[in-house]
Amino acid sequence: MTQSIPLYQQIKQHILARIQSGEYPLHQQIPPEQELAGQFGVSRMTAHKAIRDLVQEGYLMRRAGLGTFVTEPKAESPLADINNIADEVRSRGHDYGNRVLLLESLRADEEVALQMGMRLNARVFHSVIVHLENQAPIQVEERFVNPALAPGYLGCDFARMTPNAYLVQHCPLSDLEHIVEARLAPAQVCDWLQIGSEEPCLLVTRRTWSLHQLVSFARLWHPGNRYKLRSTLKLD
């Protein structure tokens with residue numbers, strides 16, 4: 001083993017190399033901590049740290065009483081930015097797709113009017129889209145859009161361009177608000193995400209402004225077992 005690399009990092013590299021080569025395929029159980037500790041001549045605590053890091057990074061999953069197994073890393077989005085979900089999926093080398101479920105003009109109810117800063121019953125554009133990664137649903141996007149700022153929204157082909165891409169192109173972003181909650185989703189959203197009603201979701205409520213005018217309000221539902229949000233902060 002290379003002595004300049006910490007021992008637990010060497011074990012991590014050993015496991016990752018076998019995952020990437022296919023020697024440890026998806027859902028394969030990896031050797032237990034005691035066996036890895038003996039193989040590398042380290043303490044069990046060192047082997048435990050290597051496995052713990054890989055679990056936290058999404059490469060492995062522990063199953064109580066059974067062991068540790070290879071899992072597919074969760075899809076990940078930056079929390080502090082707005083990225084096009086299609087670009088995120090493709091950047092991971094995966095196939096992006098979506099299902100447009102609803103595209104309509106309606107009257108704002110009390111919640112939507114409050115979130116959009118409109119009068120009750122003001123006209124608003126409404127869309128519901130399920131975003132897919134390798135044909136698996138990873139996000140249900142319900143979005144309300146100010147028609148005055150994006151008059152062509154309902155005419156966009158969202159099979160070719162996501163709502164995010166359209167709005168960034170037509171309404172340059174100036175301000176952003178994110179609220180993140182762990183929630184149980186409504187039954188219809190569970191059906192769209194193909195999850196059970198008892199499975200937790202990450203709900204991101206997002207509002208965006210362009211030139212300090214509120215453009216859209218969105219509810220973004222993510223299956224908690226297939227998705228994570230990331231935030232980074234640069235400290236000077």
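The legends below describe close-up views of a predicted model.

**View 1. Packing of helix H1 on helix H3.** Helix H1 spans residues 7-21 and helix H3 spans residues 44-56. The crossing of the two helices is right-handed.

**View 2. Residues in the contact of H1 with H3.** From H1, the contact is made by Leu7, Tyr8, Ile11, Lys12, Ile15 and Leu16. H3 contributes Thr46, Ala47, Lys49, Ala50, Ile51, Asp53 and Leu54. By class, the residues of this contact are nine nonpolar, three charged and one polar.

**View 3. The open sheet of six strands.** The strand order is S4-S5-S6-S9-S8-S7, and the pairing is antiparallel. Strand S4 (96-107) and strand S7 (175-184) form the edges, each pairing on one side only. From one strand to the next, the twist averages 15°.

**View 4. Pairing of strand S6 with strand S9.** Strand S6 covers residues 136-145 and strand S9 covers residues 213-223. The two strands run antiparallel and are joined by six bridges. Glu142 has Arg219 in S9 as its bridge partner.

**View 5. Helix H6 on the sheet.** Helix H6 (residues 163-170) packs on the sheet and touches strand S5 (123-133), S6 and S9. The direction of H6 makes about 40° with that of S6.

Technical notes
Residues are numbered from 1 along each chain as its sequence is written. This is a predicted model: local features need pLDDT of at least 70, side-chain atom pairs count only at pLDDT 80 or more; totals for chains, interfaces and linings use all residues. Side-chain values use heavy atoms; hydrogens and water are left out. Axes are lines fitted to C-alpha atoms, for helices over the stretch in contact, and angles run from 0 to 180 degrees between N-to-C directions. Helices (H or I, at least four residues) and strands (E, at least two) are DSSP runs, numbered from the N terminus. A crossing is left-handed if the near helix is turned anticlockwise from the far one by less than a right angle, and right-handed if clockwise. Contact means heavy atoms within 4.5 Å. Ala, Val, Leu, Ile, Met, Phe, Trp, Tyr, Cys and Pro count as nonpolar, Asp, Glu, Lys and Arg as charged, and the others, Gly among them, as polar. Two strands pair if DSSP finds at least two bridges between them.
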